[in-house]
Amino acid sequence: MQLLKERILTDGRVLSENILKVDSFLNHQIDVELMNEIGKEFYEIFKDKKITKILTAEVSGIAVAVMAGLYFKMPVIFAKKTESINLDKDTFEGNVYSYTKEKQYKIRVARRYINNGDQILILDDFLANGEAIKGMNEIINAAGATLAGVGVVVEKTFQPGKQMLKDMGIDVIALASVSSMKKGYVEFED
Ligand code: G4P
């Protein structure tokens, strides 16, 4: 997506060899017009997949998924990262390993919001190690629903997530594919 790549080049900041800061427009302050275009683009890519629900993980995936949800006219569910008294006890769970915190945590969705007839589109902001998407896929499997597609705004192809998911039979479509980064420099796959 050309508009997104241009924005990454102008406003993205490479913090280290692995972290691309896009918090001026994507995951802290949000440029709603750009996010609208992102939602529309995901709709164009996945519109023939008979999507019934969009699944993401809190926090940063929510804006992406909501914008796409407006085009699909389908509900958006976000998996929760913390257990709370407000969340139904009856949940589907997925496991996510956090490389930054070096520990495993669970993401959860109340059982009442996914059922075995659902065709689910997973959307997220970043694909790095693929843990979040793997965890969401576990939730879909636990519910007996179907994974109909996976889209991310930015993937970093030099990190292991894309290949790990591919090996599991999960293809991810990214709106921007970053193949390498250095301080002050971002290279895209195409
Ligand atoms: P994964 O999501 O592919 O499993 O990757 P990983 O475990 O490496 O990512 C940990 C968190 O860092 C995720 O957010 C992910 O979206 C985010 N992240 C990964 N790479 C980048 C990057 O280059 N830039 C930025 N800005 N974020 C990155 P999270 O912990 O789930 O947090 P949030 O959704 O609550 O913000």
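Which side chain has an N or O atom 2.7 Å from a nitrogen atom of the ligand? That side chain belongs to K156.

## Basis of the model

This is a predicted model, in which local features need pLDDT of at least 70 and side-chain atom pairs count only at pLDDT 80 or more, while totals for chains, interfaces and linings use all residues. Residues are numbered from 1 along each chain as its sequence is written, and side-chain values use heavy atoms, with hydrogens and water left out.

## Around the ligand

The ligand has 17 residues around it (a heavy atom within 4 Å), and those that come nearest are L20, S60, K81, N129 and K156. By class, this shell holds seven nonpolar, five polar and five charged residues.

An oxygen atom of the ligand is 2.6 Å from an N or O atom in the side chain of S60, and an oxygen atom of the ligand is 3.1 Å from a polar backbone atom of V59. Taken alone the ligand exposes 700 Å², of which the protein buries 77% (Shrake-Rupley method, 1.4 Å probe).

## Backbone features

V59 is also joined to E58 by a cis peptide bond, with omega about 5°, and V59 is placed in the loop between β3 (53-57) and α3 (61-72). Helices (H or I, at least four residues) and strands (E, at least two) are DSSP runs, numbered from the N terminus.

K50, in the loop between α2 (32-46) and β3, has a positive phi of about 55° although it is not a glycine.

Key: Polar contact = N/O pair within 3.5 Å; in protein donor to acceptor, adjacent residues only side chain to side chain. Nonpolar A, V, L, I, M, F, W, Y, C, P; charged D, E, K, R; others polar.
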